[in-house]
Amino acid sequence: MESLDAGGPDAPVDAPPEPAARPARLWRPRRVLVTPAALAHAHGRAMLARLEGLGLPVEHLSSNRLTGLRHPDPRRAYAEAKATLALVVAPPTKLRLQPIPPSADWRFDLAEGCPAHCQYCYLAGSLQGPPVTRAYANLGAILANLAAYAGQGAVTSAQAARMSEGTTFEASCYTDPLGIEHLTGSLSAAIRHFGAWEAPVQLRFTTKFSAVEPLLDLPHNRRTRIRFSVNAAPAARYEGGTAPLRERLAAMGRAARAGYPVGLTIAPILPVAGWRQAYGSLVADAARTLDGVPDLDLTAELITHRFTPGSKTVLEGWYPGSDLPMREEERSRKLTKFGSVKYVFPRDLMAEMREALTDRLARDLPAARVLYWT
Ligand code: SF4
């Protein structure tokens, strides 16, 4: 087990994140596919206008199916799909919302897929086929559909400790909505929708990106919680194509100062070398970023790394050179409630990491309400 080394909890930490806005790297897809059905929707046409305005190469498809994306070389298929954005209509199944414990009462999707290249991407086990990013054009129907779920739910709506959040709707299960916001505008529309929705409801999403500027002046009415997915510095090498950690933390500060409820999604927690100090530094940096924010509403979600046989196979295909630790013999094997297998860290290590992280949050960032550890 990790012991407190020379760089223990009181050791100096890195310099605090820059509070000033910095130009974020914004994704420019190499290929944009537009289905005819997408253009039947005002939001589809608005996205197309954005994409054309950015000078991106747009291909108009003759049918609504995305074909020709497979390639005999899986690495090539992956690379081409990750560079492709498609405007499509969400299938009707997307309008039947699913619960998403422990995060939120319900999940809904503005898009599916993400342009980043995280070697532990949680989408690996859930996306079907090549990982093209699909942005949904029928945004009006997706947002109008949410009202039927207000007041229902078994997570925040049912837990006394979280009831103040209202009925919660999670928008980042299948995408990173901020990472594609400059191309879609969907997230801003959702934030406006919740801001105008006079009911105890909350939009929530998590992101590994930092381009929050278009969101800061929206009439959010504190009904959107922006959580920033962050990790210990040694895990940064697993997060290709995302905004640097320092920029994510600075973006959290800007969002909090714009009145948004914010959150830290510390994930996936890994026993990287020197993990106590590394996670301690992360918490200290977050605390400095948020120092002095008026009416700060801050949560923390603590998610350890896990994998399934299926997600491991997909990730090994996508990132064959990765040194991400995914050896079954170093993990505990668990059955999910659906009967599938997942591999988590052994119980003693889990307990040790949990205590270290929650203690550090309580000490250095007491404003953070820890929602769960998993
Ligand atoms: Fe996957 Fe999130 Fe990384 Fe995108 S940012 S590749 S969704 S883990």
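**Questions on the predicted model**

Colleague: Where is Pro102 placed, and which residue does a cis peptide bond join to Pro102?

Modeller: In this predicted model, Pro102 is in the loop between strand 4 (98–100) and strand 5 (104–107). Its cis peptide bond has an omega of about 0°. The residue joined to Pro102 by that bond is Pro101.

Colleague: In which element does Pro268 lie, and what is omega for the peptide bond from Ala267 to Pro268?

Modeller: Pro268 lies in strand 13 (residues 262–269).

Colleague: Which residues of helix 1 are buried, and how wide is the arc within which they fall?

Modeller: Helix 1 covers residues 42–53 and reaches 16 Å from its first C-alpha to its last, close to the 16 Å expected. Its buried residues are His43, Gly44, Met47, Leu48 and Leu51. Seen down the axis of helix 1, these residues line one face, because they fall within an arc of 140°.

Colleague: Which residues are exposed on the other side of helix 1?

Modeller: The other side of helix 1 has exposed residues, where exposed means over 50% relative accessible area. They are Ala42 and Gly53.

Colleague: Is Thr133 buried or exposed, and which backbone nitrogen lies 3.3 Å from a polar atom of its side chain?

Modeller: Thr133 is in strand 8 (residues 133–136) and counts as buried because its relative accessibility is 0%. Among the residues that Thr133 touches are Trp27, Leu85, Glu112 and Ile180. The backbone nitrogen at 3.3 Å from a polar atom of the Thr133 side chain belongs to Cys114.

Colleague: Which residues are around the ligand, and how many of the shell are charged?

Modeller: The residues around the ligand are Cys114, Ala116, His117, Cys118, Cys121, Tyr122, Leu123, Asp176 and Lys208. By class, this shell has 6 nonpolar residues and 1 polar residue. The number of charged residues in the shell is 2.

Colleague: Is Asp295 buried or exposed, and what is its phi?

Modeller: Asp295 is in the loop between helix 8 and strand 14. With a relative accessible area of 64%, Asp295 is exposed. Although Asp295 is not a glycine, its phi is positive, at about 50°.

Colleague: How far apart in space are Pro294 and Ala258?

Modeller: Pro294 is in the loop between helix 8 (275–290) and strand 14 (298–304), and it counts as exposed at 58% relative accessibility. In sequence, Pro294 and Ala258 are 36 residues apart. In space, C-alpha to C-alpha, the two are apart by 9.7 Å.

Terms used:
Residues are numbered from 1 along each chain as its sequence is written. This is a predicted model: local features need pLDDT of at least 70, side-chain atom pairs count only at pLDDT 80 or more; totals for chains, interfaces and linings use all residues. Side-chain values use heavy atoms; hydrogens and water are left out. A residue is near a molecule or strand if one of its heavy atoms lies within 4 Å of it. Ala, Val, Leu, Ile, Met, Phe, Trp, Tyr, Cys and Pro count as nonpolar, Asp, Glu, Lys and Arg as charged, and the others, Gly among them, as polar. Helices (H or I, at least four residues) and strands (E, at least two) are DSSP runs, numbered from the N terminus. The expected span of a helix is 1.5 Å times one less than its number of residues. Buried means under 20% relative accessible area, exposed over 50%, partly exposed in between (1.4 Å probe, protein chains only). The arc is that of the directions from the helix axis to the C-beta atoms. A polar contact is a pair of N or O atoms within 3.5 Å; within protein, one must be able to donate a hydrogen and the other to accept it, and residues adjacent in sequence count only if both atoms are side-chain atoms. Contact means heavy atoms within 4.5 Å. Lists of a residue's contacts leave out its neighbours within four places in sequence.
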